[in-house]
Amino acid sequence: MYKRRWPSGEGLTIAQAKDKYFSQFVNKTSFNALAESLMVAIHEETHMWDLDPSRTSWDVYVSAWIDASRKAMKVPIHGGFPRREILPLITDDLTRSMDDIYLRDQQQGSYRIQGVIAELNAGLMGLPAATVVAEYIQGVGASNSRDIAATNMRYLQLYLRVAKTKHPDYWTKIKAQPELRELVLIEFLRTAYWLDQSAPHAAKLGSADVAKIVAKNYAPENIAIIEEFTGAKVNTGSARNCTL
């Protein structure tokens, strides 16, 4: 099915087929159960591929599986600051459950831009993993797929805003890194694309808060930071997965 509907998922699955943990992520009791478990399986195997020591050096450079024919390889990230520093910019409860895990947790909250990018990229593989088999999904195993993608894009936007205002030296350093600027733009456009593609299955693949999270992500100050960092003008109309 992935070969027909989403070749990038087939490619990642083949690449990670020998990972000893893969079988722990999938439910093989039925086809429907398998379809539902693929969101978590592909999300976690994206981490396994991206964070392999041959491709990623924590806080130094990052790699990201984008699709079957394109990967971001060894993009310099220059360390950064703890991602918990974005918390003061979150004044609502829309992403509270994930905020508690990724920002308020003592260890997770200490992760820097490496953690932000890694979670976003895994979310942007987990969402299509569920979207392309959504008609077979019956339970709740993939029910936060859209929330994960939208929330982690929120984190990236806020991280860039804090970098600019609180860590100007770091902001200057990463803004001068063309590979990172390109990756941020690609991830922003991928988020828009897969949220749009998954919209017909929104009730299965996300909470009622997704639309509100997306609205926050398209607030002027958050669009402005993406455009300033990447140098691109993004489309905020009907074709949000495109630049202008």
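Predicted model: local features only at pLDDT ≥ 70, side-chain atom pairs only at ≥ 80, totals over all residues.
Local features need pLDDT of at least 70 and side-chain atom pairs count only at pLDDT 80 or more, while totals for chains, interfaces and linings use all residues. Residues are numbered from 1 along each chain as its sequence is written, and side-chain values use heavy atoms, with hydrogens and water left out.

The pocket comes up first. A pocket here is an open set of points on a 1 Å grid over the protein atoms alone, with protein on both sides within 12 Å along at least five of seven lines; a cavity, by contrast, is a set of points where a 1.4 Å probe fits but cannot get out. The largest pocket has a volume of about 250 Å³, where volume is the space filled by probe spheres set on the points, and points are joined across faces, edges and corners. Its lining (residues with an atom within 4 Å of a point) counts 21 residues, and Met98, Ile101, Tyr102, Asn144 and Ile148 are the closest to the centre. Helices H4 (31-50), H5 (96-102) and H7 (145-166) are the elements that each give two or more residues to this lining, with H5 giving the most, 5 residues. Helices are DSSP runs (H or I, at least four residues), as are strands (E, at least two), and they are numbered from the N terminus.

Next comes the core. In soluble globular proteins, nonpolar side chains tend to be buried together. A nonpolar core is a set of buried Ala, Val, Leu, Ile, Met, Phe, Trp, Tyr and Cys residues joined through side-chain atoms within 4.5 Å; buried means under 20% relative accessible area, exposed over 50%, and partly exposed in between (1.4 Å probe, protein chains only). The largest core has 76 residues, and those touching the most other members are Tyr2, Trp6, Tyr155, Leu160, Leu180, Leu183 and Phe188. H7 supplies the largest share of this core, 11 residues. Beyond its neighbours within four places in sequence, Leu160 is in contact (heavy atoms within 4.5 Å) with Trp171, Ile174, Val184, Ile225, Ile226 and Phe229.

Then there are the charges. A salt bridge puts a side-chain nitrogen of Lys or Arg within 4 Å of a carboxyl oxygen of Asp or Glu, and the whole structure has 11 of them. Glu187 pairs with Arg190 in one, with the closest N and O atoms 2.8 Å apart. Both lie in helix H9 (residues 178-198), 3 residues apart, about one turn of the helix. Glu187 is buried at 2%, and Arg190 counts as buried too, at 10%. In another salt bridge, Lys233 meets Glu227 at 3.7 Å; Lys233 is partly exposed at 48%, whereas Glu227 is buried at 18%. Shared partners also join Asp93, Arg96, Asp100 and Arg104 into one salt-bridge network.

Leaving out neighbours within four places in sequence, Lys164 is in contact with Trp171, Ile225 and Glu228.
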